[in-house]
Amino acid sequence: MTKTNAGRFFEDYRLGEVIDHAVPRTLSGGERALYHALYPARGALYSSDAFAADCGLPAAPLDDLIAFHTVFGKTVPDVSLNAVANLGYAEGRWLAPVWPGDTLRAQSEVIGLKQNSNGKSGVVWVRTRGLNQHGTEVLSYVRWVMVRRRAPGEAPQAVIPDLASVVPPETLVVPDGLDFTGYDFGLAGEPHRLSDYSVGEIIDHVDGVTVEEAEHMLATRLWQNTAKVHFDATQRDDGKRLIYGGHLISLARALSFNGLANAQLIVALNAGAHANPCFSGDTVRAWSEVLATAETKAPGVGAVRLRLVATKGEAGALRGADGKYLSDVLLDLDFWALMPV
Amino acid sequence: MTKTNAGRFFEDYRLGEVIDHAVPRTLSGGERALYHALYPARGALYSSDAFAADCGLPAAPLDDLIAFHTVFGKTVPDVSLNAVANLGYAEGRWLAPVWPGDTLRAQSEVIGLKQNSNGKSGVVWVRTRGLNQHGTEVLSYVRWVMVRRRAPGEAPQAVIPDLASVVPPETLVVPDGLDFTGYDFGLAGEPHRLSDYSVGEIIDHVDGVTVEEAEHMLATRLWQNTAKVHFDATQRDDGKRLIYGGHLISLARALSFNGLANAQLIVALNAGAHANPCFSGDTVRAWSEVLATAETKAPGVGAVRLRLVATKGEAGALRGADGKYLSDVLLDLDFWALMPV
Amino acid sequence: MTKTNAGRFFEDYRLGEVIDHAVPRTLSGGERALYHALYPARGALYSSDAFAADCGLPAAPLDDLIAFHTVFGKTVPDVSLNAVANLGYAEGRWLAPVWPGDTLRAQSEVIGLKQNSNGKSGVVWVRTRGLNQHGTEVLSYVRWVMVRRRAPGEAPQAVIPDLASVVPPETLVVPDGLDFTGYDFGLAGEPHRLSDYSVGEIIDHVDGVTVEEAEHMLATRLWQNTAKVHFDATQRDDGKRLIYGGHLISLARALSFNGLANAQLIVALNAGAHANPCFSGDTVRAWSEVLATAETKAPGVGAVRLRLVATKGEAGALRGADGKYLSDVLLDLDFWALMPV
């Protein structure tokens, strides 16, 4: 009947189904410039062709999160238009750099389904792959969302995928040619190398950013994520627009430069939770916890596993006595990044 | 005396006069990225070099409305600085794609003049042409505006141009090489081809965007349109800034993706009215009416004539019993777009 | 102990010390597009490759202030994180154009130190140089800031550098190849050449822009200036964010197009004062005073020395009877620009 996309409901997903998401996207220096305007991003490897060349790369790649948000945005019309909640991420891996001029498309496979006992919704697990114009996989991750049913009905057989709680460090993919043996800590902004960080160490990234409606809408549209809850103030009684969780990921990651300037490339996403909603006017701060360190086979390149928390509250505070996230915690992200040893 | 531009008044225009507008502009992937950040634009042909190549083009052109706004912006200091109202558009034709790296300039010929009976203002008709760095005409349209007189005085002989109410579909210019025979509806985002649309069909584009001051100012400046009413909150008693009508055109066009994802290129502007002013805080929605369909000579390429309405109200509602636009209607645009048959 | 950068305090600076600032930056057409979105910039030489080519340049350079802000932003973490006030600029010289694709880095030499009599702070003078990827100096300027001491202590020997009050016009560097003999005043936007301007002439640039939080934060981040006072609304009791002084420089410069469209390139910064703070909601206007004119050796190219004032008040009003800046004056900038003779 209607020409418009109402989104998929829980009963529309079939286990093993592969969805080719629409609207491939060519990225350029324009998206990089906007990324720098939207986030206080200062990672030298993404900022400077010259710095990247000194690290063995042909030029500065686009920020890993530009790749992530672009791919994620493609999946929204097929995966999360009727989502009640974005429940988690796992097994995220960055497999090849994305360069200005590359065109990304996205594909998702339904790898798990479980109807809720209320019969009104269910959880859908998808493994999403981002592909460039050569068909090379640049990114892969699992996410699971709670999706409404269109109408009550019989539950499909429950299949819950077996997901790794952490991407094993020996499987991390280091970009071809990356070499940190001549790494310039001065130009990068901080003197700390991997061996300077201790497991369990908490880093307060100090700075805060008070977020504005215009900014998060610009950012969310940039990734062609047009879910109305981020743009339409009439969707909620209080007239607020829910800030896209990916905006918090990039904001916290950029703030983490202050203390983690040398955590240069994100290569794996182990887990992630959008703990509480964020709205315009909130002042967002970030802190990190060092969870683990590892070696890689690339010269001078190590890996650090970090918990990155975006919060309106204090550094180091995450959960209450009840084990639940504190109300001012916005994001809890667990990832691997590459750092000079 | 003064060095600054006070703009032209009605008595400054001469029939047949050709005005070369100032400040040519080179466009790049930066303008494309900003367009995606400012509007929820998802047309695959403008988003992806790969998709455009599969449609026979050398790369993704810049959005037709980037070309339109850039050319329009150039004309503002000479045509509409003292305009009381932007009255209409006609005979708009897109004649050649604009590519990243192209430089656009604009030229207008005065083709009509008619003083109002009050002697204080008059209507000026101009035919504006956009030219690229090779001197190729990329765009042409007529608009007419009501302009104040500097001082009362004798009226020039009234000349009202004879304008087509619709650009005849057999004169539509299809970009060289465009071929929709292998069109990928999956990547484009919707399955509907030209034959799926019926004349008279109304499409509610569902989504809404609540507009912010910072966004419309960024957009309007991007086209180097610096008319103060869009930027200076002291110009009105209520402290509001009038949103540039072109911002509404792009916003509504982008929203129309949901239901018209395959209306890929705008090739003609038949008519247009900025029915009511729009201000920050308004939540803008869009709906379309299919007015006509037509063939073209390009393989697999048809044309659809659409009425695109931006509104704060209900889909399908346009005029009251008095024949006037309803107060929540912001824009009524009539154009031809190319669509796979 | 801590991994984060607390910034330098007065006692951390040594006379003659050279600081290599972190995070080199590659600029592209993306930064140019954003500059046009953030400021009402219309200078034809920066807007159009074709216009620049007609003036003897290989392409349109990036705006001189893009170069300035990029270099300035690099210095913030080392120079002004603990600054109480940005006191002045001198001997600024643009030495080579910056092109899309260039990578800029920055270096500062401490050329003066003077502890205040209160023992709690002192003035630091630095000469900052911006270098491109070839090691070519593209920009050089002196600025001095008042910086807090970490703890009270003995004053270093006071050294106050001997700075020129004006960059001598015979030392201005004109970009290679620049030739204004065929300058197209029509395309540039105004007919006024250097000989049309008189020393002492005041130009009211007419237009005003009401500034928004989202805009100045986008702009300030774009230059990787992340000083928290511009971003964190909890830093002040009134919840306002201080607008980066550089934002005012670019805003006033862009507004000055209306009356100074042919003051094409900034080649020297003689002096500058951020007279009063600016906040979101302020409506900023600009006026200029012609301070001097000069010849250059390049064909058709002259130089004009301008005072550019950003203000919330009236054109021409600068200081009160007490000799102090009026409270609505935001910026007082003294620079040389190149203009067709």
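Among the residues of chain A, A:Gly30 lies closest to the rotation axis, its C-alpha being 2.2 Å away. The model is predicted, and the values below are computed from it.

**Relation between the copies**

Any two copies of a chain are related by a rotation about an axis together with a shift along it. Superposing chain A on chain C requires a turn of 120 degrees and a shift of 0.0 Å along the axis, and leaves an RMSD of 0.0 Å. This is the relation of a three-fold axis. Chain B is likewise laid on chain C by a turn of 120 degrees and a shift of 0.0 Å along the axis, with an RMSD of 0.0 Å. In chain B, the C-alpha nearest the axis belongs to B:Gly30, at 2.2 Å.

**Surfaces in contact**

For chain A, only 9% of the interface residues are also interface residues in chain C, so these copies meet through different surfaces. For chain B, 14% of the contact residues recur in chain C, and here too the copies use different surfaces.

**Cysteines**

The search of the whole structure, over all chains, finds zero disulfides. Two of the cysteines are listed here with their relative accessibility.

| Residue | Relative accessible area | State |
|---|---|---|
| B:Cys278 | 3% | buried |
| C:Cys55 | 3% | buried |

B:Cys278 counts as buried because its relative accessibility of 3% falls under the 20% cut-off. The 3% relative accessible area of C:Cys55 is likewise under 20%, and C:Cys55 is therefore classed as buried.

Key
Residues are numbered from 1 along each chain as its sequence is written. Chains are lettered from A and ligands numbered from 1 in the order in which they are written. This is a predicted model: local features need pLDDT of at least 70, side-chain atom pairs count only at pLDDT 80 or more; totals for chains, interfaces and linings use all residues. Side-chain values use heavy atoms; hydrogens and water are left out. Copies are superposed by least squares on the C-alpha atoms of residues with pLDDT of at least 70 in both. Contact means heavy atoms within 4.5 Å. A disulfide is a pair of cysteine sulfur atoms within 2.5 Å. Buried means under 20% relative accessible area, exposed over 50%, partly exposed in between (1.4 Å probe, protein chains only).
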